[in-house]
Amino acid sequence: MGSVKYIRWDDLAESIPAFLTIFMMPLSYSIADGLAVGLITYPVIKSCQGKFNETNIAIWILAVIFVLKFVFVGK
């Protein structure tokens, strides 16, 4: 939890996915699911802010893979 102080809480595109990642890990009993939620929300929030160019294509690919995992495999 010491790394939480390095999160830029004034930037919503970084703070919301970080919070959801931290929040979902204990709720889902899975570190991977918590990371998946963070990796899904990060590019979505960036694109909603109009900062689509700031996200790497690899992040979008991971986000799509995790969405497909949640849709087809479930929990």
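Which residues of H2 are buried? In this predicted model, the buried residues of H2 are Asp 33, Gly 34, Ala 36, Val 37, Gly 38, Ile 40, Thr 41, Pro 43, Ile 45 and Lys 46, and the sections below place them in the context of the whole chain.

## Overall architecture

The secondary structure of the protein chain consists of 3 helices and 0 strands, and the order of elements along the sequence is α-α-α. With a radius of gyration of 13 Å, close to the 11 Å that the globule rule gives for 75 residues, the protein chain is as compact as a globular protein of that length. Along the principal axes, its C-alpha atoms fill a box of roughly 35 × 30 × 15 Å.

Among the contacts in the protein chain with a separation of 6 or more, 42% are made by residues 24 or more positions apart.

## Surface, burial and charge

Of the 75 residues in the protein chain, 28% are buried. The accessible surface comes to about 5,200 Å², and carbon and sulfur atoms contribute 72% of this area.

## Helix H1

Helix H1 covers residues 12-28, and its 17 residues reach 23 Å from the first C-alpha to the last, close to the 24 Å expected at 1.5 Å a residue. Its buried residues are Ala 13, Ser 15, Pro 17, Ala 18, Thr 21 and Ser 28, and the buried residues of H1 pack against helix H2, which spans residues 31-48.

An α-helix has 3.6 residues a turn, so residues three or four places apart point the same way. This general point may be kept in view when reading the buried positions of H1, among them Ala 18 and Thr 21.

## The loop between H1 and H2

Tyr 29 follows H1 and has its place in the loop between H1 and H2. The phi of Tyr 29 is near 55°, a positive value in a residue other than glycine. With a relative accessible area of 78%, above the 50% cut-off, Tyr 29 is exposed.

Ser 30 is found in the loop between H1 and H2 as well, but this residue has a relative accessibility of 17% and therefore counts as buried, the cut-off being under 20%. The C-alpha atoms of Ser 30 and Ile 57 are separated by 25 Å, and the two residues are 27 apart along the chain.

## Helix H2 and its partners

H2 has 18 residues and reaches 26 Å from its first C-alpha to its last, close to the 26 Å expected at 1.5 Å a residue. The buried residues of H2 pack against H1 and against helix H3, which spans residues 57-73. Those buried residues include the glycines Gly 34 and Gly 38, as well as Pro 43 and Ile 45.

Lys 46 is a further residue of helix H2, and at 4% relative accessibility this lysine counts as buried. Leaving aside neighbours within four places in sequence, Lys 46 is in contact with Asp 11, Ala 13, Lys 51, Phe 52, Glu 54 and Thr 55.

Key:
Residues are numbered from 1 along each chain as its sequence is written. This is a predicted model: local features need pLDDT of at least 70, side-chain atom pairs count only at pLDDT 80 or more; totals for chains, interfaces and linings use all residues. Side-chain values use heavy atoms; hydrogens and water are left out. Helices (H or I, at least four residues) and strands (E, at least two) are DSSP runs, numbered from the N terminus. The radius of gyration is taken over C-alpha atoms; the globule rule is 2.2 Å times the number of residues to the power 0.38. Buried means under 20% relative accessible area, exposed over 50%, partly exposed in between (1.4 Å probe, protein chains only). Contact means heavy atoms within 4.5 Å. Accessible areas come from the Shrake-Rupley method with a 1.4 Å probe; for residues, only the protein chains shown count as cover. The expected span of a helix is 1.5 Å times one less than its number of residues.
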